[in-house]
Amino acid sequence: MAGPMKMRATLAGGYTDVRVLMTHPMATEQQTKGQPHFIQNLTVKVNGKTVVEGQISQAISRNPVFSFRLSGGAKGDKIEVSWLDNKGDTNKTETAVA
Amino acid sequence: MRTMRRALLLPVCVSLAACTTAPTSVGDRPKVSPGDLEQITALLKRDFRPRGQATMDRIELDEVQRLCNLHADNPPADLARPLEEAQLKAIPFPSGNLIGDWKNGEKIAQSGRGAMWSDKPGVQDGGSCYNCHQISPKVAAFGTIGPSLAGYGKTRGNRPEIQRYVYGKIYNSKAYNACSPMPRLGHSKTLNEQQIKDLVGLLLDPASPVNQ
Amino acid sequence: MRAIMGSAALALAIFPAWAQQSPYADYQRMTAESAPIELFELGGEELWKRKQGPKSVSLEQCDLGQGPGELKGAYAGLPRYFKDADRVMDLETRLLHCMMTLQGRSREDATKRVFGNADSPSEMELLSMYVAGKSHGMPMRPGTSHPKEKATYQLGQKLYFHRAGPWDFSCASCHGEEGKRIRMSELPVLFKPQYARPLMATWPAYRVSTSSVVTLQWRMNDCYRQMRMPEPQFGSDTTVALITFMTVNAEGVPYRGPAIKR
Amino acid sequence: MIVKRRGLLKVAGAMGAVLVAGLLKPVAALAATWNKEAFGSKSAADALNRLGTSGAEANSGIVIEAPQIAENGAVVPIEVTSRIPGTTSIAVLVDKNPYPLVARFDFMEGALPFVKLNAKMGETSDVRVVATAGGKHYVATKEIKVTIGGCGG
């Protein structure tokens, strides 16, 4: 179920821009006659330390795309984003700040 | 003059058989010969497959389509008029009042379904009217390929002749303009008599939102 | 990668001038910036490299016109004449050719499911996104010099205006006059370069309204559906000729896709 | 709930590396917290109550960047920045959605209070953003018109 993820982290003036894409149906109750299927939790880590914790709902669009900003950051910092959905599926991706 | 020139040109083209017409420059509509039409029809028969209600006979051209394709939708009057008359003669006008239920007419006008391979035959088809026309001023999502029909009955009244014209135009637009862009909704059996009457009602009934 | 870096200016360039005046201009710019296009490029790359078919080989040696395996600029050079097939081919038709010749797959197998949906894009759609992405920013130079390329263009031009079917429609019935709409959709007049250029430079694309990938072969198929015609075969001369006609009309424009559609 | 977890994280930080390593498993479990009550609320006010962020005052330091009119409610890009110093969380709500709470983010040291997401909107509605800073809650709204709703089929 967990399709590909993609992420890019780039230094922008004074902060690090993190953009992450996830493959997920994000199916609503209405679409599924009461069997919604969506990501609920999202975690962003920098060098192993959690910096953003997200709780999200079925109202996030299919194939979610998120951008976050990290204060400071340096080339080579390791960024990890993981998700967990309401059926227990998970996925994660890693990249280094460029 | 123009008619004569056309009449002279056509046989020349025919004599070249499937004449590869001179390349037309980009941005223009190309000249099409009877040979081209034959080639294209043969190509479509080879390249297409029937699906659902969209059967292969739909590829065959009738007289109206042939004429319009050959003349870039602008045929000389002496060729267009007899065809228009024949199309008009073939419209089975119902007798009596042609103004049906505008409320149902509005639904038919809104629906874009009908005659596609993805449509179930027998399920009520629509006329796709709003795709091209403004009709009820309350509906904001309307197309602009055809003229606005807002206030249609208000400005024209609903005398029997007007009813007959509107019915005929919806049934077979080509009876009034051989190369009209509008589909022949009755002639193609997309809409039945009652549905067309309901559309007439939508345009001509004084109570219809079109005429408010 | 590219889309991630996509600046507002780049996204703006995707839309033709008339879209700038549209009340949806902001919406279209923002959705273009935040579309998950790279996910599909990634999926396509995986399929390009996957060994498949009776011969169990990947598509990595497929010649898309720039030599076997050469992807850079390949999409921008299509459609074009291919000597090995002795016909003009667009991207999807050529991919099908490679699936049949390189991988040894039958036409039936390779075209079983050419158009996917939001839940599952087709192999052809993902591959199209991947290959097209490798031409981003490069001027579109479809083949125009070979006699068969010229003949294909002229055929496409005639097909564009050919009225047929129960509703008497041609492509030009909707895409024939400037400034017209179907409901709220603006209709590009694709036989004129000024309208073909912005539009043809954005296929294949991610369609926001259906969250699915759409390709030009799909566009031809779905237009014929709405024209009330029977179904054109995938990769047929008819669909290739129309795609060739519209792409040549857009010749020279830098390719800006894969992009988004409404 | 969330407030508690944040407290726990801070404590963990203070306790040093060894203890943090020991806490790793429970922290990971806590990471799966999902505020069912808030996300199940059918009004924005209820959802904010359940998040413990009711009584927010308007603040122009919350910047919502979104199109004024969206062609399709299936995908509505929304970008939120809080310029309120010390912002630790941001919640995004669409008032008229069946379940108004769209997302809630907690920002720890190292992250700026910023997020960009694509939301579904069933109809034209106010988008409501609530930011929490120094234990206080702040709100800003922006109306987005939707031409075609995007929650159903």
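Q: Leaving aside neighbours within four places in sequence, what is E123(C) in contact with?
A: This is a predicted model, so take it as such. In it, E123(C) touches L47(C), Q52(C), M99(C) and R105(C), once the neighbours within four places in sequence are left out.

Q: And where does E123(C) sit, and is it buried or exposed?
A: E123(C) is in helix α8 of chain C, which covers residues 123-133. Its relative accessibility is 18%, and because the cut-off for buried is under 20%, E123(C) counts as buried.

Q: Where do D119(C) and R62(A) lie?
A: D119(C) is in the loop between α7 (107-110) and α8 of chain C, while R62(A) is in the loop between β4 (49-56) and β5 (65-71) of chain A, so the pair joins two chains.

Q: Buried or exposed, those two?
A: D119(C) is exposed, at 62% relative accessibility. R62(A) is buried, at 17%.

Q: What about R29(C) and E33(C), how are they paired?
A: Their side chains form a salt bridge, 3.4 Å from N to O. The two residues are 4 apart in helix α4 (residues 25-33) of chain C, so about one helical turn separates them. R29(C) is buried at 17% relative accessibility, and E33(C) is buried too, with a relative accessible area of 15%.

Q: And E45(C) with K49(C), what's the distance there?
A: That salt bridge is 2.7 Å, N to O. E45(C) and K49(C) are 4 residues apart in helix α5 (residues 37-49) of chain C, so again about one helical turn. E45(C) is partly exposed at 27% relative accessible area, and K49(C) is partly exposed at 41%. There is also a network: salt bridges with shared partners join R46(B), D47(B), R87(C) and D237(C).

Q: Switching topic: how much area is buried between chain D and chain C?
A: About 1200 Å², and carbon and sulfur atoms give 60% of that. On the chain D side, I69(D), E71(D) and V75(D) lose the most area to chain C, together 43% of what that side buries. The contact takes 14 residues from chain D and 12 residues from chain C.

Q: How many salt bridges and polar contacts are there between chain D and chain C?
A: The salt bridge count is 2, and 7 residue pairs are in polar contact. One salt bridge links R262(C) to E71(D), at 2.6 Å between the closest N and O atoms.

Q: Which elements of chain D touch chain C?
A: β3 (69-72), β4 (76-82) and β7 (111-119) of chain D each supply at least two residues. β3(D) gives the largest share, 4 residues. By type, that side of chain D has 8 nonpolar, 3 polar and 3 charged residues.

Q: Back in chain C, why is α12 described as largely enclosed?
A: Because 9 of the 11 residues of helix α12 (residues 216-226) of chain C are buried. Among them are W218(C), R219(C) and Y224(C). After α12(C) comes R228(C), with a positive phi near 70 degrees.

Q: Last one: what does the pLDDT of chain B look like?
A: The average is 89, and 88% of the residues score at least 70. Over residues 1-22 of chain B, though, pLDDT stays under 50.

Notes: Residues numbered from 1 in each chain as written. Chains lettered and ligands numbered in written order. Predicted model: local features only at pLDDT ≥ 70, side-chain atom pairs only at ≥ 80, totals over all residues. Heavy atoms only, no water. pLDDT = per-residue confidence, 0-100. Contact = heavy atoms within 4.5 Å. Buried area = accessible area lost by both parts, 1.4 Å probe. Salt bridge = Lys/Arg side-chain N within 4 Å of Asp/Glu carboxyl O. Polar contact = N/O pair within 3.5 Å; in protein donor to acceptor, adjacent residues only side chain to side chain. Nonpolar A, V, L, I, M, F, W, Y, C, P; charged D, E, K, R; others polar. Buried < 20%, exposed > 50% of the residue type's maximum accessible area, 1.4 Å probe, protein only.
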